[in-house]
Amino acid sequence: MTPADERFEILMRLVGLIERDLESLALAESVDNGKTVAIAKRLDIPRAASNFRFYATAAMHTFDESHETTGQAINYTLRHPLGVVGCISPWNLPLYLFTWKIAPAIAAGCTVVAKPSEVTPMTAYLFSKLCIEAGLPAGVLNIVHGTGPKVGSAIVSHKDVKAISFTGGTKTGESIARVAAPMFKKLSLELGGKNPNIIFADCNYDEMLAETRRAAFANQGEICLCGSRIFVERPIYEQFKRDFVEQVSTLKVGDPLEADTDVGAIVSKQHFDKIMSYIELARAEGGTILTGGEQVHLDGRCSDGWFVEPTIIEGLSYDCRTNQEEIFGPVATIMPFDTEDEVLAYANSVRYGLSSTIWTENLSRAHRMAAKIETGIVWINCWLLRDLRTPFGGMKNSGVGREGGFEALKFFTEEKNVCVKL
Ligand code: NAD
């Protein structure tokens, strides 16, 4: 195995190359996915570089544990890389999530078979060229392209692949677990979400309003962490509704390559149809569309693109399908509430448990709510504020295991305890 300091050097060279190619990678990501080039430049590509920087340095700081059984024995615990591991990622944050898996796997000393989404393969291809340029030894990272049922399932069912790190839909996670679990593979599953954004009347209103808009509509709402169920304490419900609708209706849906576009294209016709079917469902369930709800047709370069107006819906109960199922698009619902217990019951009513946001200036309430809410990630007075050292992942049907920090390095290793009698 290549020593940790050599792995560090190679991974840090990759960081430099990703940063060198920021503009062209961001452009490719935008063209492939439909996201705005602005968000690709600000979020996706810098984060891909950060993923490698973080795990390159982490690999230099690992340590083995030792336990003394007083007077009898000394134990030490070795951690060896698993060998060949599989990494499978989705289309919404293509290079960002692809590298979030690959970086810790390589830093831990594994070799990787990695599959990007067939919907957005471009930056993974460009990235493979950077790996060669950085001097990553042949065979350490094997990027394979193709569909889930064909190429993805071949990785999952291969007897020599010791672990699967997967990010994608809950249904796909289920079918991967069905194949991998009886083979006793290690599994890390990062799945769907239906995240609550809970707004108390005592919040910092202006900050809340700006962040709530971002949390609902960033990346066309195609982020697993998006706050799509917005619960507002009744005393400020009407004011919030008025201001939120006003702000959201000013978002510009447009050509993803234009600098002033806020909302780009939906990734595919298939996903566009899914989003529109949920807007129809919301109408059928008795919801009122306060703004949006329609397809947007653009001229010129984007005339074949699939665009959806940012949509806000009210008048739905917390337990209807629109409020229980993941839409993964620019669609948010707003609902009033009166008490903490009531809103906790609404928030926890879904089968998902990925992330939540709570807006309040009352510190005791914030901690009380954080302890009781059933999500793996709780943001108090913020959204998507990330520290790569923290455990990242969901409860319930949002997944199994946590990424981030040393946890991800550990995932790609096997522990062995050696007990030496004194
Ligand atoms: P998806 O499940 O359709 O596909 C994800 C990946 O799995 C793709 O590479 C696909 O080719 C592959 N795949 C599909 N079937 C497979 C199979 N049978 N065996 C092996 N691989 C298979 O998901 P998607 O539509 O690309 O992404 C959207 C979903 O991802 C949403 O549900 C979203 O919430 C979720 N997501 C979760 C997180 C998280 O961190 N929890 C982050 C981003 C996206």
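Modeller: In this predicted model, two rings of Phe, Tyr or Trp count as an aromatic pair if their centres lie within 6.5 Å, and the pair is called edge-to-face when the planes are over 60 degrees apart. Searching the whole structure in this way gives 13 aromatic pairs.

Biologist: Why is the pair of W91 and F328 called edge-to-face?

Modeller: The ring centres of W91 and F328 are 5.4 Å apart, which is within the 6.5 Å limit, and their planes stand at 70°, which is over 60, so the pair is edge-to-face. This pair joins distant parts of the chain, 237 residues apart, since W91 sits in the loop between strand 3 and helix 4, while F328 sits in the loop between helix 11 and strand 14.

Biologist: How do you know which class the pair of F200 and F337 belongs to?

Modeller: The planes of F200 and F337 are at 85° and the ring centres 5.3 Å apart, so this pair is edge-to-face as well. F200 lies in the loop between strand 8 and helix 8, whereas F337 belongs to strand 14, 137 residues apart, and both F200 and F337 are buried.

Biologist: How do you know how many disulfides there are?

Modeller: A disulfide needs two cysteine sulfur atoms within 2.5 Å, and by that rule the count is zero. For C110, the nearest cysteine sulfur belongs to C87 and is 8.7 Å away, so C110 is in no disulfide. For C382, the closest cysteine sulfur, in C203, is 13 Å away, which is too far for a bond.

Biologist: Are C110 and C382 buried or exposed?

Modeller: The relative accessible area of C110 is 2% and that of C382 is 15%; since the limit for buried is under 20%, both cysteines are buried.

Key. Residues numbered from 1 in each chain as written. Predicted model: local features only at pLDDT ≥ 70, side-chain atom pairs only at ≥ 80, totals over all residues. Heavy atoms only, no water. Buried < 20%, exposed > 50% of the residue type's maximum accessible area, 1.4 Å probe, protein only. Phe/Tyr/Trp six-rings, centres within 6.5 Å; stacked < 30°, edge-to-face > 60°. Helix = DSSP H or I, 4+ residues; strand = E, 2+ residues; numbered from the N terminus.
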